[in-house]
Amino acid sequence: MAVLYQLTETSKFMMSFVLVTDKDNAIVIDGGRPEDMPLLKQYIDGRHISAWILTHAHMDHISGFVDEINLNNCADFDIETIYYNFPPYDELINKTDVEDIQYFRSELNNMLPAFNQALPKFEDKTHIVRQGETLDIDDVHIDFLFTYHEGLTANLINDSSLVFKVTAPNKTVLFLGDLGPDGGDVLFRESRRLLKS
């Protein structure tokens, strides 16, 4: 039976989950900041990571992962596939038709440049998630219900959060990342019948 751990011991404001499947493989969600990595390693405990899901490009969610890539190419983790879908930085950084351009650019620059700079080191392990995709790992089924939507610019990075439902034999859990009100409205319009968990 799958077991889900929520890691909160080192940072109050971050997101880090480890899901251990019935076959003792791990699914990691975000992971938190660099200071959260030692605790994450304890929970993973040397297990194979079948999927590392990065919900969105904010420091409190993925800076630990990026730091581990830059330190030692994530040598402390046995990662099979990294799942994400982040806004296209190069297409958006010069966009001017947004309400608060300074905030918009600060959001783009929060973690995306660091992630994109590190990407060549792990690109062969990545999968850019599309809405509607599913993933099966041992006794765990994942439905990806929401990914980056072009045009949601007021709260760009939060509203690009991957939203997915994890179904295990004993429970279903809906992960929203930090999806904001605009993204939430789109999610509800497109997928409300799939949200119950």
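These legends describe close-up views of a predicted model.

Residues are numbered from 1 along each chain as its sequence is written, and side-chain values use heavy atoms, without hydrogens or water. Local features need pLDDT of at least 70, side-chain atom pairs count only at pLDDT 80 or more, and totals for chains, interfaces and linings use all residues.

**View 1. The largest nonpolar core has 39 residues.** Such a core is a set of buried Ala, Val, Leu, Ile, Met, Phe, Trp, Tyr and Cys residues joined through side-chain atoms within 4.5 Å. Buried means under 20% relative accessible area, exposed over 50%, partly exposed in between (1.4 Å probe, protein chains only). Leu40, Trp52, Leu54, Phe65, Phe77 and Phe115 have the most contacts inside the core. Elements giving two or more residues include strand S4 (48–53), helix H2 (59–72) and helix H4 (101–118). Helices (H or I, at least four residues) and strands (E, at least two) are DSSP runs, numbered from the N terminus. H4 supplies the largest share, six residues. Another core, of 20 residues, lies apart from this one; Phe17, Ile29, Ala51 and Val166 are among its members.

**View 2. Ser50 sits in strand S4.** Its relative accessible area is 8%, so Ser50 is buried. Beyond four places in sequence, Ser50 contacts Asn25, Ala26, Glu80, Thr81, Tyr83 and Ile137. Contact means heavy atoms within 4.5 Å.

**View 3. Phe104 belongs to helix H4.** Phe104 counts as buried because its relative accessibility is 1%. Ala154 is 50 residues away in sequence, yet the C-alpha atoms of Phe104 and Ala154 are 7.3 Å apart. Outside four places in sequence, Phe104 touches Leu92, Lys95, Val98, Thr153 and Leu156.

**View 4. Strands S10 (residues 163–168) and S11 (residues 171–175) pair antiparallel over five bridges.** Strands pair if DSSP finds at least two bridges between them. A hairpin of two residues joins S10 to S11. Val166 stands opposite Val173 in S11.

**View 5. The largest pocket has a volume of about 200 Å³.** A pocket is an open set of points on a 1 Å grid over the protein atoms alone, where a 1.4 Å probe fits, with protein on both sides within 12 Å along at least five of seven lines; lining residues have an atom within 4 Å of a point. The volume is the space filled by probe spheres set on the points. Of 13 lining residues, Tyr84, Phe86, Pro87, Pro88 and Ile128 are closest to the centre. H4 gives the most to the lining, three residues.
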